[in-house]
There are 2 protein chains.
Amino acid sequence: MFPHKIAIVYGERRITYREFADEAERVAGVIASRIEPGDRIAYLTPNTPELLIAHFAVPLAGGVLVAINSRLARPEIEYILGHSGASILFVDSEILASVGDLQSTVPSIEEVVEISDLEFGLPGGHVPMGQVPYAEFLARSAELSTDEISWHVDDERAPISINYTSGTTGKPKGVVYTHRGAYLNALGEVFHNQFTSASVYLWTLPMFHCNGWCTPWAVTAAGGTHVALRAVRPDVIWDLIDGAGVTNLCGAPTVCTIIATAPQAHFLERTLRITTAGAPPSPTIIAQLETLGIQVVHVYGLTEVYGPFTICEYQAEWDELELPERARQLSRQGVGMVQAESARIVDEHMRDVPADGETIGEIVLRGNNVMLEYFRDRKATRDAFRGGWFHTGDLGVMHPDRYIELKDRAKDIIISGGENISTVEVEQAIVSHPAVLEAAVVGVPHERWGERPVAHVVLRDGHDVSNEELRIHTRTLVAAFKVPDRFVIDVSLPHTATGKVQKFDLRLRDTASPL
Amino acid sequence: MFPHKIAIVYGERRITYREFADEAERVAGVIASRIEPGDRIAYLTPNTPELLIAHFAVPLAGGVLVAINSRLARPEIEYILGHSGASILFVDSEILASVGDLQSTVPSIEEVVEISDLEFGLPGGHVPMGQVPYAEFLARSAELSTDEISWHVDDERAPISINYTSGTTGKPKGVVYTHRGAYLNALGEVFHNQFTSASVYLWTLPMFHCNGWCTPWAVTAAGGTHVALRAVRPDVIWDLIDGAGVTNLCGAPTVCTIIATAPQAHFLERTLRITTAGAPPSPTIIAQLETLGIQVVHVYGLTEVYGPFTICEYQAEWDELELPERARQLSRQGVGMVQAESARIVDEHMRDVPADGETIGEIVLRGNNVMLEYFRDRKATRDAFRGGWFHTGDLGVMHPDRYIELKDRAKDIIISGGENISTVEVEQAIVSHPAVLEAAVVGVPHERWGERPVAHVVLRDGHDVSNEELRIHTRTLVAAFKVPDRFVIDVSLPHTATGKVQKFDLRLRDTASPL
């Protein structure tokens, strides 16, 4: 519809919609020539144009996109590549140099394609590990017929992508999205973000989280402009807000804080809308953003529901409230988005709890934007969907106005800078050290990151280990952002009658001595 | 989500979203107590709140909504009621007084419910024909359990409504819409109209046309405000544009003309968007509306595709064109809407014609917002979907920019004031007069209505009949707006080699002597 319009801005690069479609078709052609329908294609890149293009190219090739969190440690990446059985891996030069050769340890990978980020002075090819340069991969399309490429979807319930979550069991689970779910969720995002062809969307939200909440498809559906972004840096963000005319962005509260507290921050005459999730926006941040003329919208969701599922839809009468009370309203997780069903809060017998804002129950979700299944994990799928609804594991209350409010993450999850950290996973990493008998990881409030993990460790009799050694050991197994900020060696851990660690007590103690 | 917000404005009436939902549930409860799932429920009313409510109440009851064109003549209404097999008929007092008792001639109707429009001084009950007052019907809900009412849709491909079109064969065909199609088309309408909870939609477009292009569902999905409207009158429309803060309305070019040329017309500071279909907006009307600060959007569709299917999406570079050239761009029917597939223009072998803006072919459509079928007409359904695409019968060209342009309605259709008139139907009505041997009806350009029908009649030997008698005879069989403005008695009609009337010649002649 807009062939000459700029679809993607990235540094000095400008990609029109025609070029966007052409490259998607070329990438799709080469991928299709090498795979069977339903094969997984992995990407390990920051928010570059190539990853945006992959959101169209991989499905177009009949493949299933696996966009991997580039912040993960090598063993985590290996696990995801192995579990998904990805046959082609596209990897950014910088990440390739850091994680090293993955092909030799992941048998399913047939080819590694290196994406050189010339825009950021990362020409690639420095680490020869059998990888094919992206340009060379693309060039193969010249020899292929393009007649095979069809934008028609034969089976709307076929997988379009798998997004790996750091669930509760320690090992990431592969959340399967369908074409249908992605389509409907994208349309819902278009509505709630009010995307139009005049929208300019800044990619502060990683596309490897829930396919960027389906926003690659949503902004494109509206004919808006994507602004790709290699790293979340306040000066770059403000340059783009001003220079590219950004109208929308999404991110964790950390992103809000970075934007609000940047030295470059200034009042905006036009509308900039930030959609935030992961934790409620604080009164402080709401006030700061409002001073800058920025509108903040609070949403709630999980990987299993294609990103946001509920939205704290603003009610006109809140205009009259004082900031603390308004912030209290906005801190609630809200109501089902237009493409979603209503969220329910249920007791253990799947009965709705009273809408009294007090009775705690579990948040359960259902509808078109709920995942198909956990990839190759029937047991976890069955368990998650018991009673016909997806169990979030999150605890909340239903207010009399039918807005839900999250009270506690039932799963042992710490949200730090918008990233989920599974405490179980970190505990398992620590416990794998020969000197460690038991470990418990808890989340402690942190000004910049929202929460940060703290580890409580009990050593085996006769063993000794330094905090630094534990830190280094943990780092070899999990991503840097998951490594606890503090290791506390305890004589014992408080346990419940059933033997579970009483994390509540630990958290209280840690909160008393801030990080 | 917005229980206290005004959902519907009608004269002095104000209906909140809570009241809207409550009444929909009450109406649904009473209907559900009397029907089997899939039964048809007919409405014969202007654009009143009750018809808006019916768009939720009837599906909620498991019924299928048949909103009948209130401008039709009694025999046409009887045909539609009989063909759909409607069991309950809701009818407006004024229309009831005019069409009379329908229950006695349509065996399927078990109950007639009279809607008294107190807002417009039409208390009803003046014509006792066994009808039940709407209030009495509603009151029955008090005795019913509301537990039965579920907003959940079990089968998304189940019918939600049947819209009767004045096809080409003379008899209206029942176009079956599904829940799925209505849902997706409504989301598409939300996007293209940029509906939000701040939208105020004025009901100039009849809801009995394609369920008002699914806008009852679209505006409600966005949480906007409906402004119901009994009749399209320029003074009332301008009062509402100003008084109710109307942001959007839809209608035929006639509606644009009425608004642009009203004595009350004045410049608007805020955005008012008029979406028009049925004929391209003329340069004159575009200029007039632009002077008033009103944005006009041109769309194209048919009853079979839930209303609009293509939109003449505005390209920024058109800003620089002079008005005649810009109007030429805007007069094109455009590209598929976001929820639709691309429109194709094909030759008789279903091959795409070249995108040269010159080669004429038939416009064929496919996708989620194409009807399920013609109700109880397998042959017509099969014929319409030959080759797997819906055949519009309209002829057009594909431009190099992939915008389609309609060149001629292949079906013998005259569009007068946004209403389709089947020339075949009118010809059959005229020929049914004993004095008439042959009749041909053609469309002649008309300043106010776009087109008006003119009839050419050949009499049987030895018979004579006045124009006035022919007019009265035709009026008894078809709606007033379908009755030709002029009857011309000819000695013979020009025929093609295959015996078809050469309407092209007749039209040329008629255009030379304007109405």
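The crossing of helices α1(A) and α2(A) is right-handed in this predicted model. Helix α1 of chain A covers residues 17-32, and its axis comes within 8 Å of the axis of α2(A), the two crossing at roughly 45 degrees. On the α1(A) side, the contact is made by F20(A), E23(A), A24(A), E25(A), V27(A), A28(A) and I31(A). Facing them from α2(A) are I53(A), F56(A), A57(A), V58(A) and L60(A). Sorted by class, this contact has ten nonpolar residues, two charged ones and no polar ones.

Chain A is divided into domain 1 (15-152), domain 2 (193-409) and domain 3 (419-512). The centres of domain 1 and domain 2 of chain A, taken over C-alpha atoms, are separated by 29 Å. Where these two domains of chain A touch, domain 1 provides 15 residues and domain 2 provides 14 residues. Which helices of domain 1 of chain A each supply at least two residues to this side? They are α2 (49-60) and α3 (74-84) of chain A. Of the elements on the side of domain 1 of chain A that touches domain 2 of chain A, α2(A) gives the most, with four residues. The make-up of that side of domain 1 of chain A is seven nonpolar residues, seven polar residues and one charged residue.

Further along chain A, attention turns to a sheet. Three strands of chain A form an open sheet in the order β24-β25-β26, with mixed pairing. The edges are taken by β24 (436-446) and β26 (486-489) of chain A; each has a single partner strand, so one side of each is left without a neighbour in the sheet. Neighbouring strands of this sheet are turned against each other by 25 degrees on average, direction ignored. In general, strands of a sheet pair through backbone hydrogen bonds, in either a parallel or an antiparallel sense. Here, β24(A) and strand β25 of chain A (residues 450-459) pair in the antiparallel sense, and ten bridges join them. One particular pair can be picked out in the structure above: V442(A) has V454(A) in β25(A) as its bridge partner.

Helix α14 (residues 423-431) and helix α15 (residues 467-477) of chain B have axes that come within 9 Å and cross at roughly 120 degrees. The crossing of α14(B) and α15(B) is right-handed. Their contact is made by V426(B), A429(B) and I430(B) of α14(B) together with L470(B), T474(B) and L477(B) of α15(B). By class, the contact of α14(B) with α15(B) has five nonpolar residues, one polar residue and no charged residues.

Finally, how do the two chains meet? Ten residues of chain B are in contact with ten residues of chain A. On the side of chain B that touches chain A, the largest share comes from helix α6 (residues 179-193) of chain B, which contributes three residues. That side of chain B consists of seven nonpolar residues, two polar residues and one charged residue.

Notes
Residues numbered from 1 in each chain as written. Chains lettered and ligands numbered in written order. Predicted model: local features only at pLDDT ≥ 70, side-chain atom pairs only at ≥ 80, totals over all residues. Axes fitted to C-alpha atoms, helices over the stretch in contact; angles between N-to-C directions. Left-handed = near helix turned anticlockwise from the far one by under 90°. Contact = placed C-beta atoms within 7 Å. Nonpolar A, V, L, I, M, F, W, Y, C, P; charged D, E, K, R; others polar. Pairing = 2+ DSSP bridges. Domains from an automatic or database assignment.
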